[in-house]
Amino acid sequence: MRTARNYLRREPSVLAAWVVLAVIVGIWLAGTSNLSVLSVTIMVGQKVPLVLASIGAAIVIMSRGIDLSVGAVLTVVNTIIAAGTAAHGNSVVWIGIGMCVALAAGAVNGLCVAMLRLPPLIVTLAVQSILLGVALYVLPTPGGQVDGWLKDLPLLLVGPVPLMLLIVIAVPLVTWYPLRRSRFGSALLSSGADEGAAYASGINVKKTVVSSYMLSAFFAGLAGVIMSMNTGSGDPTIGVPFTLNTIAAAVVGGVSLAGGRGTIAGPIAGALVVSFIGNLLFSIGVNSYWQYVVTGAVLIVAIAIPVGLRAIRAGRQAS
Amino acid sequence: MTATPGGTAAVGLKPRATRADRLRQLVPVIVLVVMYAITVGIAPGYLKAPQIGSLLQLASILGVAAVGQTLVILVGGIDLSVGAVVTMTNLMAAAIIANRDTSLPVALVVVLGIGALVGLGNGLLIQYLKVPDLVATLATMTIVVGVGLLFTHGSPKGHSSPALNALVTQRFLGVLTGGVVIWAIVAAIVIIFLRSSAGGRYVYAVGLNREASRYAAVPVTRTVILLYVASGLTSALAGFLLTGYTGSAYLASGDTYQMQTIAAVILGGTSMFGGRGGYGGTIIGVLITVLLVSALRVVGIVQAGQDIAYGIILLSMLVLLTRMARRSA
């Protein structure tokens, strides 16, 4: 209990993100009359890819980097699975191949940033371009297929709970929390906070940064796998909105772009907030184009509130 | 680009070109020349006026949009809203012009006003709410995309007018168009501003060291805000010219400018970390970008190969530039 309270005191924006999420979901529930287990299950499944991809993007941002290739990694994995299965069958093999490509892309990002000391924005932008090209080679037009049982997974219920909901909860628990508690977790945050100090304290900064980009690619790849299950096919442009939405999710979830600060619970809430805005506006009958305007406004407010609070607190201390 | 207040504080700050800076300027030119030579070797048509003219025509729009991006990156910022502003101003210009030459002045004023407003929003968010550049421009980008959609209800209307079409597409002296002349004028203004005005000195000072600039009485806040306003203005001008180029408007028409302007600035040797580079380099970067895309298309490489080649060239140029700069520093 006390650790939870300390956690929230340390990370007020995480609490804020979950409160905003609760409000949005509340309004959405109130405004949606024809809810069924099936529709909720499908909806949860649609949110999983953004949640997973945002976790990856947040890890890179914690190391004071930025990953613009998230959407492209997702796309490549999606097209490899769909085109591969359509041509040779057996989706599982193609999922493996797709994940290998994703990890390789993450390694290229990480090595360019850590070893060659190139600016992450441009490196990941270039890698994004390469990956989108690869995706277009693999699958020039939307199509392909995945194994039937994979398509059924997003609709699967484990008892009363949708499998996809379990995945959203389980994946961060089994991947991130052990990492955060391990040496890597503190290495990641301290490399992001102050590279020089981290190096002086014996942290292998380069290895940490490379790992962060590979983790990002891993999560983006997983998102691509789930995306393939959801759609049952491939699309070489499917990942376009993900790149910037994952950054928005991380920021709304309180991950500092200056590096060194952040949680995973925050970006998960952030991703759900960003993706629920569309559902919310639809349920209250607003033109869906407003969702862009609202998303932008939420992003600004999410950043401005901590700044405002700090200013007020500083003002109170001064007087 | 009116940030030329008569301060004396930063006048002595004229950056001296080091060997690293000169190399930085030289590498893009060499790359451009080599690329052009290879392209001509494969497709000799690239030596002829019509082909050069069409390259310049494309370059003029990207070049105008890249003006703001250069200025913003010079102070260590980034403007992700460029593409969205180009798209929105394209949509609005087409709707206002609606095939009438007489509506051109109104359209231009409205479009520039909107661009300036978006830039002002970016600048205020960054300087007063302390929102990081990346996030602030990401947020305004999202909003601008939404406004564009709300404005058109998803189905763009309107057309360019004969005069605007002629300005952007009609060639004279073989290769020039009115759009290219406008680009040249804007480029000249920016280069002169950066090289020999107090405002230009401020830009480099803020880019090299924000804290020190503040102590040296450089108006940091005003400089950064005005640069973002300038970026909004040039993006809007690019959207206006794009309307003449395409003859109408379509959704997402300007989206490629978001990343292409950043790439052009970097290819031109301007440092992402601010304080080093200039618009002269960006011109070369713009030409490299346009030539690359066009040449790959002419050779018959499909979109997929274009994307891959574009990424690889961007990455290797970056490695090359950083290596050379570091070795000679």
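In the predicted model, Y202(B), V203(B) and V206(B) of α8(B) meet V220(B), T223(B), V224(B) and L227(B) of α10(B), where a contact means that two C-beta atoms, placed from the backbone, lie within 7 Å. These residues divide into six nonpolar, one polar and no charged; Ala, Val, Leu, Ile, Met, Phe, Trp, Tyr, Cys and Pro count as nonpolar, Asp, Glu, Lys and Arg as charged, and the others, Gly among them, as polar. Helix α8 of chain B spans residues 198–208 and helix α10 of chain B residues 220–246, and their axes come within 10 Å and cross at roughly 105 degrees. The two helices are therefore roughly perpendicular to each other, on a scale where angles under 35 degrees are roughly parallel, over 145 roughly antiparallel, 65 to 115 roughly perpendicular and the rest oblique. Axes are lines fitted to C-alpha atoms, for helices over the stretch in contact, with angles from 0 to 180 degrees between N-to-C directions. Helices are DSSP runs (H or I, at least four residues), numbered from the N terminus.

A second pair in chain B is formed by α2 (residues 49–74) and α12 (residues 279–299), which pack at an angle of about 135 degrees with their axes 9 Å apart. That angle makes α2(B) oblique to α12(B). The contact draws on residues of α2(B) including L55(B), L58(B) and L62(B), and on residues of α12(B) including I283(B), V286(B) and V290(B). By class, this contact has twelve nonpolar, five polar and no charged residues.

Two loop residues of chain B also deserve a look. A98(B) is not a glycine, yet has a positive phi of about 45 degrees; its place is in the loop between α3 (82–97) and α4 (104–128) of chain B. K130(B), in the loop between α4 and α5 of chain B, likewise has a positive phi, near 55 degrees. A98(B) counts as partly exposed because it has 14 C-beta neighbours inside 10 Å, and K130(B) is partly exposed with 15. Here a residue is buried if 20 or more other C-beta atoms lie within 10 Å of its own, exposed if 12 or fewer, and partly exposed in between.

Turning to chain A, A105(A) lies in helix α5 (residues 91–114) and counts as buried, with 27 C-beta neighbours inside 10 Å. Leaving aside residues up to four places away in sequence, A105(A) touches S69(A), V73(A), V127(A), L131(A) and A217(A). The C-alpha atoms of A105(A) and Y213(A) are separated by 8.7 Å, although the residues are 108 apart along the chain. In helix α9 of chain A (residues 183–193), the buried residues are A187(A), L188(A), S190(A), S191(A) and G192(A), and they pack against α3 (37–62), α10 (195–200) and α11 (205–231) of chain A.

Where the chains meet, 35 residues come from chain B and 35 from chain A. The largest share of the chain B side, 13 residues, comes from α13(B). That side divides into 26 nonpolar, seven polar and two charged residues.

Residues are numbered from 1 along each chain as its sequence is written, while chains are lettered from A and ligands numbered from 1 in the order in which they are written. Because the model is predicted, local features need pLDDT of at least 70 and side-chain atom pairs count only at pLDDT 80 or more, whereas totals for chains, interfaces and linings use all residues.
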